[in-house]
Every structure is written in structure tokens, then in C-alpha cells.
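Subject: Structure for your review

Hello,

Here is the structure we spoke about, followed by notes on what was found in it. Please look it over when you have time.

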Amino acid sequence: MSQEIRKTSEEQNEQQSSTGENAPPSRAVITAPIDIYETEEGLVLMADLPGVTTDTLELQVQDNKLTIFGRVTPVAPAGARLLHREYEQGDFLRSFILSDEVDYDGITAKLNNGVLEVNLPRMPRAEPRRIQVDGD
């Protein structure tokens, strides 16, 4: 079986070199699976990002858009040569438009064992108040 795998890999390498494709293969962009929960304080977003670390994770809010980008670094034993891959390696990318009810300054996030938790608190509502009207 490993001979078949090696043969397939060698054929792919030969095909790439015969077509002049010497560049490394492009990285896949994977849509991260997301769960969103509503709490009394706001929303909680949970994203599965296996292989992403805090060093390779970028979370950004710009123009009411929350963007999650996580880079996965390949893990292989030292000196090993890849013969077969079923798990596609790539980078995670996901973005959401946020409502005006989200308190952007209060957003927090934590990453634990490949699961990202983003807390999106609601803006405090203005309390009703009586407005004093002055005369001339």
C-alpha cells in the first residue's frame, strides 16, 4: 500500500514539475464551524479552530465586522516525509457583521484546546430620564 501511495505522490511531483509548477501548493481556506449563544449579557460565539494557537490567531473588529483568522502550522515528525494526507491543512477564516447593540470595547476572547470563545456584550441601554427645560 505504501508503494501505491509513494507512486501517487511521485506522479503528482512529476506532473507538477512537467507543468512548471514549482511553487508550493496553495493553502486551503476553511470556514470555521461556529455556534452562537444568547445570554443575558449579550452573545457568545464558539468556534472550532483545531491546530490554531494564540500566536497564530487574529481577531479583529473593523466597520461593524468581526473577522476571525487562524493559521494552522503543519505538524510532522522531524525528518519525516509525507506519504498520505486525509486531513487537509489550511487556514480558518470567518467574518460576521455585528449589530449596533454590541459593545465593541467590551469584546473579549479566549482560546482553549482549539476552541475559541468570543464574548460580545450588549451596549448598556440608556435609562429613561426626565429632561429639564429652561426658559428664557
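**Findings**

Of the 136 residues of the protein chain, 21% count as buried, where buried means under 20% relative accessible area, exposed means over 50%, and partly exposed is in between (1.4 Å probe, protein chains only). The model is predicted, so local features need pLDDT of at least 70 and side-chain atom pairs count only at pLDDT 80 or more, while totals for chains, interfaces and linings use all residues. Residues are numbered from 1 along each chain as its sequence is written, and side-chain values use heavy atoms, with hydrogens and water left out.

**Elements**

The protein chain has one helix and eight strands. These are DSSP runs numbered from the N terminus, with helices as H or I of at least four residues and strands as E of at least two. In order from the N terminus, the elements run α-β-β-β-β-β-β-β-β.

**Sheet 2-3-8-7**

Four strands form an open sheet in the order 2-3-8-7, and the pairing is antiparallel; two strands pair if DSSP finds at least two bridges between them. Strand 2 and strand 7 (108-112) are the edge strands, each pairing on one side only. Neighbouring strands here are turned by 15° against each other on average, direction ignored. For such angles, axes are lines fitted to C-alpha atoms (for helices over the stretch in contact), and the angles run from 0 to 180 degrees between N-to-C directions.

Strand 2 (residues 34-38) and strand 3 (residues 42-48) run antiparallel and are joined by five bridges. The hairpin between strand 2 and strand 3 passes through three residues. Across this pair, Asp-35 stands opposite Met-46, and Glu-38 stands opposite Leu-43. Strand 3 is also joined to strand 8, by seven bridges and again antiparallel. There, Asp-48 has Val-115 in strand 8 as its bridge partner.

**Sheet 1-6-5-4**

Another open sheet of four strands has the order 1-6-5-4, with mixed pairing. Its edge strands are strand 1 (28-30) and strand 4, each of which pairs on one side only.

Strand 4 (residues 57-62) and strand 5 (residues 65-71) run antiparallel, with six bridges between them. Glu-58 stands opposite Phe-69 in strand 5, and the bridge partner of Leu-59 is Ile-68. The hairpin of strand 4 and strand 5 has two residues between the strands, and Asp-63 takes a positive phi near 50° in it.

**Core**

The largest nonpolar core has 18 residues. A nonpolar core is a set of buried Ala, Val, Leu, Ile, Met, Phe, Trp, Tyr and Cys residues joined through side-chain atoms within 4.5 Å. Those with the most contacts inside this core are Leu-45, Leu-49, Ile-68, Leu-116, Val-118 and Leu-120. Strand 3, strand 5, strand 6 (90-97) and strand 8 (115-121) are the elements that give two or more residues to the core. Strand 8 supplies the largest share, three residues.

**Loop residue Thr-53**

Thr-53 lies in the loop between strand 3 and strand 4. Thr-53 counts as partly exposed because its relative accessibility is 39%. The C-alpha atoms of Thr-53 and Asn-112 are separated by 8.7 Å, although the two residues are 59 apart along the chain.

**Second largest pocket**

This pocket has a volume of about 180 Å³. On a 1 Å grid over the protein atoms alone, a pocket is an open set of points where a 1.4 Å probe fits, with protein on both sides within 12 Å along at least five of seven lines; lining residues have an atom within 4 Å of a point. Grid points are joined across faces, edges and corners, and the volume is the space filled by probe spheres set on the points. The lining consists of Pro-74, Val-75, Ala-76, Pro-77, Ala-80, Arg-81, Leu-82, Arg-85 and Gln-89.

Regards
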